[in-house]
Amino acid sequence: MSFFRFAATLIFATTSATYAHENETSIEVKGDMTCIMSNGAPNHDMGRFPNRANPNVFREQNLTFCFPTTPRMTSTVTTGLMTVGVSATGIPIRPYTAGYHDPDGRRGFSQDPSSGWRQQAMHDPRILGMDNQNAHVDRSGLYHYHGVSGDLLASQGGTLIGYAPDGFEIRYSSSNATSSWQLKSGVRASPPGGSYDGTFEEDFEYVADSGTLDACNGMEANGTYTYFATDTYPYFPRCFRGEVNPEFMTRN
């Protein structure tokens with residue numbers, strides 16, 4: 001694992017002014033954990049926030065991500081994490097949304113989970129105000145990725161995106177790593193009804209061996225287990241086969 005410090009100037013425009021944000025990232029080994037610290041600003045151009053579909057303003061953060069320096073596979077699989085990884089530049093990877101089907105909600109969505117149909121972010125990134133790096137800003141001002149950022153990969157000059165909460169790497173290889181999650185066939189059995197089209201997380205199912213990756217979007221690569229980001233659902237790992245740090249992301 002290499003030690004690094006990034007410093008990049010980021011310019012983005014709001015409706016009234018232009019601001020500069022510098023990516024500040026450092027890495028430190030603390031006991032058996034490796035920790036990436038950042039101010040939450042990416043090392044590439046950011047879209048305009050707020051925008052027509054996203055009212056939130058970017059704010060610099062004081063973020064720390066800690067994961068096992070030596071990842072260890074376990075007999076159990078961890079699910080249910082909102083933050084599924086961190087880029088090598090200290091930006092959180094958070095593919096889920098807080099929106100669920102609600103006919104009484106704005107644009108048919110609300111934060112009421114009772115319908116059981118969770119909005120899938122990458123089905124239509126525009127309605128969530130994402131920029132061209134498949135990222136946007138939440139209510140707290142946190143910039144985060146929902147899909148692969150081409151500029152992030154280009155800036156790092158390789159396939160490494162970052163690290164999962166269990167310490168295994170997250171990489172990108174469009175030709176060798178393909179998802180085994182597929183759209184279901186038929187129609188939804190409860191409201192909102194309609195054909196499975198990818199609008200919701202529940203529109204997808206894991207079909208073993210339909211791609212090269214397992215249910216957690218991982219496989220053995222170069223002698224070690226590795227997660228992969230993909231161009232299709234689930235885009236990033238949503239479950240973890242290693243020992244996860246339950247306090248993976250903290251804010252001060």
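Where does M122 sit? Its place is in the loop between β10 and β11. Before going further, note that this is a predicted model, in which local features need pLDDT of at least 70, side-chain atom pairs count only at pLDDT 80 or more, and totals for chains, interfaces and linings use all residues. Residues are numbered from 1 along each chain as its sequence is written, and side-chain values use heavy atoms, with hydrogens and water left out.

**The chain as a whole**

- The secondary structure comes to one helix and 20 strands; helices (H or I, at least four residues) and strands (E, at least two) are DSSP runs, numbered from the N terminus.
- A compact globule of 252 residues would have a radius of gyration near 18 Å, and the chain agrees, because it has 18 Å. That radius is taken over C-alpha atoms, and the globule rule is 2.2 Å times the number of residues to the power 0.38.
- The C-alpha trace spans about 50 × 50 × 30 Å along its principal axes.
- Of the 252 residues, 53% count as buried. Buried means under 20% relative accessible area, exposed means over 50%, and partly exposed is in between (1.4 Å probe, protein chains only).
- If you look at contacts with a separation of 6 or more, 60% are between residues 24 or more positions apart; contact means heavy atoms within 4.5 Å.
- The accessible surface of the chain comes to about 11800 Å², and 49% of that belongs to carbon and sulfur atoms. Accessible areas come from the Shrake-Rupley method with a 1.4 Å probe, and for residues only the protein chains shown count as cover.
- On the charge side, there are 18 positive and 26 negative side chains, and the centres of the two sets lie 5 Å apart. Lys and Arg count as positive and Asp and Glu as negative, while His and the chain ends are not counted. The place of a charge is NZ of Lys, CZ of Arg, CG of Asp or CD of Glu.

**The nonpolar cores**

- In soluble globular proteins, nonpolar side chains tend to be buried together. A nonpolar core here is a set of buried Ala, Val, Leu, Ile, Met, Phe, Trp, Tyr and Cys residues joined through side-chain atoms within 4.5 Å.
- The largest core has 34 residues, and the ones that touch the most other members are I93, Y143, Y145, I161, I170, Y227 and F236.
- Two or more residues of this core come from each of β11 (135–137), β12 (143–145), α1 (150–156), β14 (169–172) and β18 (224–229). The largest share, three residues, is from β18.
- Another core, of eleven residues, lies apart from it, and its members include L63, F67, V86 and L160.

- M122 is buried, because its relative accessible area is 15%.
- Leaving aside neighbours within four places in sequence, M122 is in contact with M130, N134, H146, G147 and Y235.
- F200 is 78 residues from M122 along the chain, with 9.7 Å between their C-alpha atoms.
- G116 and F200 are 84 residues apart in sequence, and their C-alpha atoms are 9.5 Å apart in space.
- G116 is found in the loop between β9 (109–110) and β10. With a relative accessible area of 36%, G116 is partly exposed.

- Most residues other than glycine have a negative phi, and most peptide bonds are trans.
- N134, one of the contacts of M122, has a positive phi of about 60° although it is not a glycine. N134 lies in the loop between β10 (118–120) and β11.
- N222 also has a positive phi, near 55°, and is a residue other than glycine. You'll find N222 in the loop between β17 (218–221) and β18, where it counts as exposed at 85% relative accessibility.
- The peptide bond from F49 to P50 is cis, with omega near 5°; P50 is in the loop between β3 (33–38) and β4 (63–68).
- Y233 and P234 are joined by a cis peptide bond too, with omega about 15°. P234 is found in the loop between β18 and β19 (240–242).

**Two more pairs to look up**

- G80 and C239 are 159 residues apart in sequence and 7.4 Å apart in space, C-alpha to C-alpha. G80 is in the loop between β5 (73–78) and β6 (85–87) and counts as exposed, at 69% relative accessibility.
- K30 and T230 are 200 residues apart along the chain, with their C-alpha atoms separated by 31 Å. K30 has its place in strand β2 (residues 18–30) and is partly exposed, with a relative accessible area of 40%.
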